[in-house]
Amino acid sequence: TSEYLLLCRLLGRVDRELEQKAVRYLRSRQLPDGGWNLYAEGPANLSATIKAYFALKLAGLPPDHPDMAKARDHIRQRGGPVEANVFTKILLALFGEYDWAGVPTMPAEIILLPRWFYFTLLEVSYWSRTVIVPLLILMDKKPVAPLPPELRLEELWPSRREQADLRLRWTRRPFSWKNFFLAVDAWLRAWERRGPRPFRARAVESARCWLEERVGVPGGLGGIYPAMANAVLALRCLGYPEDHPLIRGQLKEIEALAVEEPDQVHFQPCVSPVWDTALAANALVESGVPRDHPALVRAGEWLLGKQILVSGDWQVKRPHTPPGGWPFQYANDFYPDVDDAGMALMALAKITLPDRERKEGAIQRGLAWVLGMQGGDGGWGSFDADNNRLIL
């Protein structure tokens with residue numbers, strides 16, 4: 001919800017009525033210690049608190065308001081923006097509230113790395129992949145939309161911003177994975193500043209093409225909020241006009257994540273209707289509801305219509321496996337998953353549908369897809385076969 005308000009500010013498309021409803025929601029979720037949590041009954045999270053404070057301030061809540069004062073104290077006591085997570089630092093950097101030099105580097109050229117390389121985008125989880133690719137464009141362009149002085153976040157820094165050490169902390173043990181990645185980051189940062197980059201333009205264009213292909217389908221990029229929001233910002237960075245169909249499409253999908261009540265609104269990170277429907281159908285059958293009950297027939301017909309029959313990223317590793325999976329969301333053509341396919345297959349096998357031939361065809365396609373997605377070690381991952389390089 002905080003990120004949505006900040007996205008609207010970056011795009012210059014603020015709906016004041018909706019914004020104030022989101023403000024009421026955020027204030028209702030503030031914890032007694034002044035922070036905000038990521039989930040019900042959880043502890044305060046520094047990054048979530050910084051984003052909520054920032055969103056509330058831009059929405060007009062004055063810094064001397066008691067709720068803001070409590071949040072500000074909470075943030076300062078925990079080290080301020082320097083201790084926030086990377087995504088929060090990137091969001092702050094987009095407004096000029098954090099130096100891009102303090103954000104871990106991610107050269108656009110990584111999208112060109114060959115399949116045999118240990119780190120490629122196909123070796124990270126799909127939701128990370130869909131978040132990373134638009135970030136490659138943003139982190140190459142490093143855009144800044146500066147704020148007027150009265151809206152800046154000087155008050156969140158425990159000491160003067162200019163004196164803050166933005167470097168990431170190394171571990172005391174000289175040999176650790178964290179230190180290894182920090183050393184790689186330092187090398188990449190030096191290369192970005194001074195090294196030859198003959199493939200930079202090609203990498204940005206490759207990221208643009210990757211993005212354009214995947215935002216052009218229903219459901220939004222990856223079916224998840226962070227990827228969609230990053231996609232909108234990346235496309236705007238590349239010069240796509242605000243009324244471009246790809247941008248309008250992503251914004252429409254983002255707005256569909258809103259849960260609006262008479263006086264409040266909040267935004268979900270994603271939705272899970274296929275998963276929920278398949279689970280509910282299985283539960284009803286196992287509870288003794290007749291297999292041809294109208295509710296189950298409607299659920300089964302709906303699930304048949306959600307089967308994905310087009311290729312996606314998964315087919316790079318399984319080129320000879322025909323499509324046939326199901327997504328988590330209403331639509332997510334590039335990223336069906338084994339979890340939902342398994343649940344949908346179980347539900348369909350139990351439900352009696354009028355068109356038996358159509359049902360059996362869907363089950364056989366789904367079964368072939370699930371079997372084709374089995375990993376080399378015998379197990380299954382959710383979205384890609386052999387996606388098991390855990391260090392990434």
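# A guided tour, starting at the surface

Select Tyr-118, Trp-177, Phe-180, Phe-181, Val-184, Ile-391 and Leu-392. Together they form a nonpolar patch on the surface, with about 650 Å² of accessible area. A patch of this kind takes nonpolar side chains (Val, Leu, Ile, Met, Phe, Trp, Tyr) joined within 5 Å, from residues with over 30% relative accessible area and no salt bridge. Accessible areas come from the Shrake-Rupley method with a 1.4 Å probe, and for residues only the protein chains shown count as cover.

Before moving on, note that this is a predicted model, in which local features need pLDDT of at least 70 and side-chain atom pairs count only at pLDDT 80 or more, while totals for chains, interfaces and linings use all residues. Residues are numbered from 1 along each chain as its sequence is written, and side-chain values use heavy atoms, with hydrogens and water left out.

**Stop 1: inside the patch**

Pick Phe-180. It lies in helix 7 (residues 177-194). Helices (H or I, at least four residues) and strands (E, at least two) are DSSP runs, numbered from the N terminus. Phe-180 is partly exposed, at 43% relative accessible area. The scale is this: buried is under 20%, exposed is over 50%, and partly exposed is in between (1.4 Å probe, protein chains only).

Now pick Phe-181, also placed in helix 7. Its relative accessibility is 36%, so Phe-181 counts as partly exposed. Draw a distance from the C-alpha atom of Phe-181 to that of Glu-205. The two residues are 24 apart along the chain, and the gap is 26 Å.

**Stop 2: the whole protein**

Zoom out. The protein has 14 helices and 2 strands. Its radius of gyration is 23 Å, close to the 21 Å that the globule rule gives for 392 residues, so it is as compact as a globular protein of that length. That radius is taken over C-alpha atoms, and the rule is 2.2 Å times the number of residues to the power 0.38. Along its principal axes, the C-alpha trace spans about 70 × 55 × 45 Å.

Buried residues make up 49% of the 392.

**Stop 3: helix 1**

Select residues 2-11. Is this helix mostly buried or exposed? Of its 10 residues, 7 are buried, so helix 1 is largely enclosed by the rest of the structure. The buried ones are Ser-2, Tyr-4, Leu-5, Leu-6, Leu-7, Cys-8 and Leu-11. They pack against several elements, including helix 2 (16-28), helix 3 (46-58) and strand 2 (265-267). Step just past the helix to Gly-12, which takes a positive phi of about 65°.

**Stop 4: the cores**

In the largest nonpolar core, of 84 residues, Tyr-4, Phe-54, Ile-111, Leu-136, Leu-211 and Leu-221 touch the most other members. A nonpolar core is a set of buried Ala, Val, Leu, Ile, Met, Phe, Trp, Tyr and Cys residues joined through side-chain atoms within 4.5 Å. In soluble globular proteins, nonpolar side chains tend to be buried together.

Centre on Leu-136. Which residues does Leu-136 touch, not counting those up to four places away in sequence? They are Met-106, Pro-107, Ala-108, Ile-110, Ile-111 and Leu-121. Contact here means heavy atoms within 4.5 Å. A second, separate core has 24 residues, among them Val-274, Leu-303, Trp-314 and Met-343.

**Stop 5: salt bridges**

Show charged side chains. The whole structure holds 30 salt bridges. Each is a side-chain nitrogen of Lys or Arg within 4 Å of a carboxyl oxygen of Asp or Glu.

Start at Glu-123. It bridges to Lys-317, with the closest N and O atoms 3.1 Å apart. Glu-123 sits in the loop between helix 5 and helix 6 (126-141), and Lys-317 in the loop between helix 12 (294-306) and helix 13 (338-350), 194 residues apart. Glu-123 is buried at 6% relative accessibility, and Lys-317 is buried at 16%.

Glu-123 also meets Arg-389 in a salt bridge (3.9 Å, N to O). Arg-389 lies in the segment after helix 14 (356-372), so this pair ties together parts that are 266 residues apart in sequence. Arg-389 is partly exposed, at 26%.

Finish at Glu-213 and Arg-214, whose side chains form a salt bridge (3.3 Å, N to O). Glu-213 is partly exposed at 48%, whereas Arg-214 is buried at 10%.

Definitions and conventions. Patch = residues over 30% accessible without salt bridge, like charges linked within 9 Å, V, L, I, M, F, W, Y side chains within 5 Å.
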